[in-house]
Structures are given as structure tokens and as C-alpha cells.
Amino acid sequence: MLHALLVDDEQVVVNAMKRRIQWDKYSVDQVFTAGSMEQAQDIFQSEKIDFMLSDVEMPQGNGIELFEWVKMH
């Protein structure tokens, strides 16, 4: 089974993606959410994440910076 991480500073967007995507269709059994780059980093350090969907523009760090951080860690 897979673990996904949704990252967006707009909680409405995260909630909509979490509800509307048929996660079981993609063998995802757990969906984590983060509202910032810092929260996403904390989750990556404590959980096994198989893939991430992230907003590109967020305050205090963007999706590109987060992607680079994930590659390095």
C-alpha cells in the first residue's frame, strides 16, 4: 500500500483533494496533509511517503524548494 502527501497552504484545496480523489483506486491507504513546507518536512521525517502533490506557491517556502529538499533527504 502507498502513502500520499498533499501540501497546500489553502486548507479548502487540501480537503477537496483528499475527499474527491478515489485513493483506493490507486492503492493509497493513507493520505497525509500539510499546510506548509515546514509541516511537509516534519511528515517526511516521521512517515514513509511514496508520492506528494504540492502547491508551487506557498508562503515560507514553495513547492519547488520542498521538492529539492525531498530529493536531498
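Analyst: Glutamine 60 sits in the loop between strand 3 and helix 3. Helices (H or I, at least four residues) and strands (E, at least two) are DSSP runs, numbered from the N terminus. This is a predicted model: local features need pLDDT of at least 70, side-chain atom pairs count only at pLDDT 80 or more, and totals for chains, interfaces and linings use all residues. Residues are numbered from 1 along each chain as its sequence is written, and side-chain values use heavy atoms, without hydrogens and water.

User: Why is glutamine 60 called exposed?

Analyst: Its relative accessible area is 73%. Exposed means over 50%, buried under 20%, partly exposed in between (1.4 Å probe, protein chains only). Therefore glutamine 60 counts as exposed.

User: What is the phi of glutamine 60?

Analyst: Phi is positive, about 55 degrees, although glutamine 60 is not a glycine.

User: Which residues of helix 2 are buried?

Analyst: In helix 2 (residues 37-46), they are Met37, Ala40, Gln41, Ile43 and Phe44.

User: How do you know that they are on the same side of helix 2?

Analyst: They cover an arc of only 160 degrees around the axis, so they share a side. The arc is that of the directions from the helix axis to the C-beta atoms. On the other side, Glu38, Gln45 and Ser46 are exposed.
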